[in-house]
Amino acid sequence: MQPSALPDLAHTHARPAHWLTTATAMAGVIALAGLLQPRPATASLPESRTTAAPAPDAPAPDAATAAYPLDCAGSPTAVTGTATGDLDGDGRPETVAAVRCQAGSGTPPHGLYVLTHSRDSATARVVATLVDPGQGLNVSELAVHDRAVTAALLGYSTPDVPRCCPDTQEPATWQWTGGAFLRTDGTAR
């Protein structure tokens, strides 16, 4: 048998001390990862990411400056109602906007959106959708009280009901809880 030209690899055998050292290092990394948690979510941009954050006494975002995720097939959008208030407790007001496509006839469904200031503070940006237009609902009696959004959702009991004349009404309330807007009363659709 010919001797190997490579160095003796006897030192590569794992011994209990090596395993103990590795296990201790891994436990330290896991413990450190458990201590480092992200900050709680808010409906506004974190201070470290903004370039021109609005002051705490800044006015609420202007609903007319936002780009809404509506497919209006070339028709313009119409903001039919707004309400403002500090919904996430960060000291800066958000705007809630009821928006729909402008139509020549009928009553197009609404989208209900929460807006905050964009990074440049000149425009508003959508941060949450409370009612999707695909649900086929209309929004009325929109208000913000005690950090909660309230509205009456108008709908249709059957497909035979003309789209101009909703015949059902359901109260709804949304509140910022655990990093999201949760609907807290009424039946979720």
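**Disulfides and one asparagine**

If we number the bonded cysteines of the protein in sequence order, they pair as 1-2, 3-4. This is a predicted model, in which local features need pLDDT of at least 70 and side-chain atom pairs count only at pLDDT 80 or more, while totals for chains, interfaces and linings use all residues. Residues are numbered from 1 along each chain as its sequence is written, and side-chain values use heavy atoms, with hydrogens and water left out.

A disulfide is a covalent bond between the sulfur atoms of two cysteines; here, a pair of cysteine sulfur atoms within 2.5 Å is counted. The structure has two of them.

One joins C72 to C101, S to S 2.0 Å. The pair links distant parts of the chain, 29 residues apart: C72 is in the loop between α1 (16-35) and β1 (77-85), and C101 is in strand β2 (residues 94-101). Helices (H or I, at least four residues) and strands (E, at least two) are DSSP runs, numbered from the N terminus. C72 is buried at 11% relative accessibility, and C101 is buried at 16%. Buried means under 20% relative accessible area, exposed over 50%, and partly exposed in between (1.4 Å probe, protein chains only).

The other disulfide is formed by C164 and C165, with sulfur atoms 2.5 Å apart. C164 is partly exposed at 44%, and C165 is partly exposed at 39%.

Now the asparagine. N138 is in strand β5 (residues 138-145). Is N138 buried or exposed? N138 is buried, with a relative accessible area of 4%.
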